Number of protein chains: 2
Amino acid sequence: MAITVVGSVAYDSIETPAGRRERCLGGAATHFSLAASFFTDVRVIAVVGEDFGPEQEAVFHARKIDTRGIERAKGKSFFWEGSYLDNLNEAKTHQTDLNVFASFEPKIPAEYRDSEFLFLANIDPVLQRRVREAMPDVKLVAGDTMNYWIKDHRPALLAMLKGLDILLINDTEARMLAGNNNLPQAARAVMAMGPRLLVVKHGEYGATLFHRAGADGEASKTFRAPALPLEEVVDPTGAGDSFAGGFFGYLASQEKLTPGALRRAMFYGSVMGSFACERFGTERIAQLTRKEIDDRFEQFRELTHLD
Amino acid sequence: MAITVVGSVAYDSIETPAGRRERCLGGAATHFSLAASFFTDVRVIAVVGEDFGPEQEAVFHARKIDTRGIERAKGKSFFWEGSYLDNLNEAKTHQTDLNVFASFEPKIPAEYRDSEFLFLANIDPVLQRRVREAMPDVKLVAGDTMNYWIKDHRPALLAMLKGLDILLINDTEARMLAGNNNLPQAARAVMAMGPRLLVVKHGEYGATLFHRAGADGEASKTFRAPALPLEEVVDPTGAGDSFAGGFFGYLASQEKLTPGALRRAMFYGSVMGSFACERFGTERIAQLTRKEIDDRFEQFRELTHLD
């Protein structure tokens, strides 16, 4: 089943202990859709500037991603510059130029209307909510957010959360949103705000899937997927979005949202997150094969299975 | 097979968001031996002062732990006071009185000589090495250490590490010991110092078992055990020692050190670490039943298993 994703398509300048890249293709919707494209059809809604050319578009088309919802506006694309020199787990932002993104008004192409899955990548919760309301017939809605919206745009964020089935955030965001440092308690508080499923990402330690009590029956217990201890982390930019793409892309490829499908989706999320870190920007995932994904899935199974 | 453990038996005054306890029974050898006693026979070598009475000794005897190696010296027992008010993952030390521990000279009772397993809990590496050399016939030796010895007693620590089969430390310690922030690379560097197996503990995110290349055959791959997301962490003191007790106690109960036995040992370590946090000091583990341990083992399996 097809996924529509709304979010940023951007240029990133990134410095890590492994080196530096200038203006490589990035943005949450980019990383999400590339990762999800290995599992299902993906359609992107975003805005880019006049600096977005055929070379960038080709990265999407090589993965058969529908870009008819990527609007061209006068001006420059969203630009972010950051580094991970002291800590690979946390980006230090040097510059953020919203550019054409500052006046982004998501428009949903008619061809996207039959999408059964919707992913609201990390953008202004007012826009996330608008897209969600414009697509009332989708079967499953997942989304992401970040500390900035949690701290300074809480009412808009809470209104958006009511429309989500699944929220994917990291530890710090979950604790901040709930105002509670205990993870299971924070998870319950967040799920009371709307989403019946919550994925909390722990960076290099994996991720945990929480279910709202009674939401998915007895068989749906808390599940923890590992992360692979990586020999070399070249660039963690987009790892969280790639996790979301693997997770939601796999779910969209399944007939039913069974507990087993959700557990495998958590593993595919971890798999795609691990690949994302191995090269700068989209370099690794744009070149990936399904065989590499399946092999790594087995590596993850070996990493945690008792028998 | 019996384990001999050398380490501290102490009194701890602990403050956490859940409350405060004055002078409760603690020390690495205490937490280790209580956890290990559910799996095998345990014999303790330690020194205590005149303040260690029948009430404290009864905690060991209730779990059939051999205390003939606990020496009584003139003076007071080792005392530690700490709190976890800001961060449950890291203790803030307020006071450390070595007392009788300052002149500890481990003596090995004749009755302990046939122990096949030896655990060197976190004490001066000079003493750890002395005990290890005095028991040359043991089948398997595991040990722990901490940042203080890594930073300021490196030559003695390196000499001790050569005598270990298994080292159990946390992330920060592994990275500090290796001088490398990448975990798999740090693990290889640490295993080149002596131990052929390395357990790196990640606190609330579980633990990873690394094997030295070629040390245990093809089947021995890196393994990651989860930690249970706990509803309430009352007191994390002793969680690492309880992990070590569950891990090494389970191994000592097995005929052979197979990859499967090592994986299950990692789970039993996580199980005992999770119980340790649920009450102050030894309160939870001293009252535990084998049934509770087996039930929680199944909970851990459900937490991570795909199928």
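Contact here means heavy atoms within 4.5 Å. This is a predicted model, in which local features need pLDDT of at least 70 and side-chain atom pairs count only at pLDDT 80 or more, while totals for chains, interfaces and linings use all residues. Residues are numbered from 1 along each chain as its sequence is written, chains are lettered from A and ligands numbered from 1 in the order in which they are written, and side-chain values use heavy atoms, with hydrogens and water left out.

A:Asn122 sits in the loop between β8 (117-120) and α3 (125-134) of chain A; helices (H or I, at least four residues) and strands (E, at least two) are DSSP runs, numbered from the N terminus. Apart from neighbours within four places in sequence, A:Asn122 is in contact with A:Gln128, A:Asp144, A:Thr145, A:Met146 and A:Trp149. With A:Trp149 there is a polar contact from side chain to side chain, at 2.9 Å. A polar contact is a pair of N or O atoms within 3.5 Å; within protein, one must be able to donate a hydrogen and the other to accept it, and residues adjacent in sequence count only if both atoms are side-chain atoms.

Next come the sheets. In chain A, four strands in the order β3-β2-β6-β7 make an open sheet with mixed pairing, where two strands pair if DSSP finds at least two bridges between them. β3 (19-26) and β7 (92-97) of chain A are at the edges with a single partner strand each, so one side of each has no neighbour in the sheet. On average, neighbouring strands of this sheet are turned by 15 degrees against each other, direction ignored; axes are lines fitted to C-alpha atoms, for helices over the stretch in contact, and angles run from 0 to 180 degrees between N-to-C directions. Strand β6 (residues 78-83) of chain A runs antiparallel to β7(A), and five bridges join them. A:Gly82 has A:Thr93 as its bridge partner in β7(A).

Chain B also has an open sheet of four strands, in the order β3-β2-β6-β7 and with mixed pairing. Its edge strands, β3 (19-26) and β7 of chain B, each pair on one side only. Strand β6 (residues 78-83) of chain B is paired with β7(B) in the antiparallel sense over five bridges, and B:Ser83 has B:Lys92 as its bridge partner in β7(B).

Side chains of opposite charge can pair when their charged atoms come close. Over all chains the structure holds 46 salt bridges, each a side-chain nitrogen of Lys or Arg within 4 Å of a carboxyl oxygen of Asp or Glu. One of them links B:Arg130 and B:Glu105, whose closest N and O atoms are 3.3 Å apart. B:Arg130 belongs to helix α3 (residues 125-134) of chain B and B:Glu105 to the loop between β7 (92-97) and β8 (117-120) of chain B, so the pair ties together parts 25 residues apart in sequence.

Between chain A and chain B the count is six salt bridges. Among them, the side chains of B:Glu204 and A:Arg175 meet at 3.1 Å, N to O. The contact takes 33 residues from chain A and 33 residues from chain B. The two chains bury about 3000 Å² between them, 46% of it on carbon and sulfur atoms; buried area is the accessible area (1.4 Å probe) that two parts lose on being put together, summed over both.
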